[in-house]
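Hi everyone, thanks for coming.

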Amino acid sequence: MSDEGRVRLQKALANAGVASRRVAEQLIVDGRVRVNGAVVTELGSRVDPDTDLIDVDGTAVQLDQTKRYVMLNKPTGVVSSMRDDRGRPDLRRFTKDWPERLYNVGRLDAETSGLLVLTNDGELSHVLAHPSFGVTKVYIAKVEGRVTPQTVARLTRGIDLEDGPIAADKARLLSSSDAGGGSLIELTLHSGRNRIVRRMMAAVGHPVVELVRRQFGPLHLGTLPAGEARELTKVERGALLTLARQATGDPTSEGRSDQENT
């Protein structure tokens, strides 16, 4: 096989920002690096950054530096579109700082705020957005009325909506007031159905007053202010790519229990 376009494994790791070349060499020697699912310990090994899949300690490494991954805390009043045909505020204002043409992964309705991923990685976007891959999202909803433990149980047991039954993966009551202050509830879902949280809460008699998505897969909104965007960290990118490989059954995603504590 021709070595054209191939580079030494330790150089590829260093270029990806995993570690210095010297530290990368030690990772290889220690058996902590896999290429296309196979452990590689030879320092002379070469890889093709365009086609080979590498992971270190089971976490995927981003070799393609043309891919961009951005987290946005979408404010209310903004539609999840790069160009809205009705002239409403859209996502273009949040992507102007990046030269790449970014697209949103999935949608949040205009009145829902929170975590939205913007990227030019179409393959990753498909995995994150398609409900068949089961990527979970965590929402905090402020709702009308006093939510009871029985209602929480009903949400996880399942309810019938006009487009079919639905059940939350998890539901947790955060606060509930008898004085008309409403309730706060945390819902974890993997469904991609339109306005699903709002419809679920309305169906159990507690319409949503405010709704924010706090988590998307392994990503957490943290303290990112509303209306602000930032690039994902190396750790976050690794977590997303690892999730995508696991979801698609890629061989590099198989367990590495023998290396977990090294």
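Let's begin with helix α4, whose buried residues pack against β11, β13 (170-176), β14 and α5. Please keep in mind that this is a predicted model.

Which residues of α4 are the buried ones? They are Thr 151, Val 152 and Leu 155. These three sit on the same side of α4, because they cover an arc of only 105° around the axis. Turn to the other side of α4 and you find Pro 149, Gln 150 and Arg 157, which are exposed. Just after α4 comes Gly 158, and this glycine takes a positive phi of about 120°.

Now let's step back to the core. The largest nonpolar core has 32 residues. Leu 155 is among those with the most contacts inside it, along with Leu 91, Ile 185, Leu 187, Val 197, Met 200 and Met 201. Elements giving two or more residues to this core include α4 (149-157), β11 (159-161), β14 (183-189) and α5 (196-203). Which element gives the most? That is α5, with 4 residues.

Leaving aside residues up to four places away in sequence, Ile 185 touches Val 152 and Leu 155, and its other contacts include Tyr 139, Ile 140, Arg 172, Leu 174 and Met 201.

Methods. Residues are numbered from 1 along each chain as its sequence is written. This is a predicted model: local features need pLDDT of at least 70, side-chain atom pairs count only at pLDDT 80 or more; totals for chains, interfaces and linings use all residues. Side-chain values use heavy atoms; hydrogens and water are left out. A nonpolar core is a set of buried Ala, Val, Leu, Ile, Met, Phe, Trp, Tyr and Cys residues joined through side-chain atoms within 4.5 Å. Buried means under 20% relative accessible area, exposed over 50%, partly exposed in between (1.4 Å probe, protein chains only). Contact means heavy atoms within 4.5 Å. The arc is that of the directions from the helix axis to the C-beta atoms.
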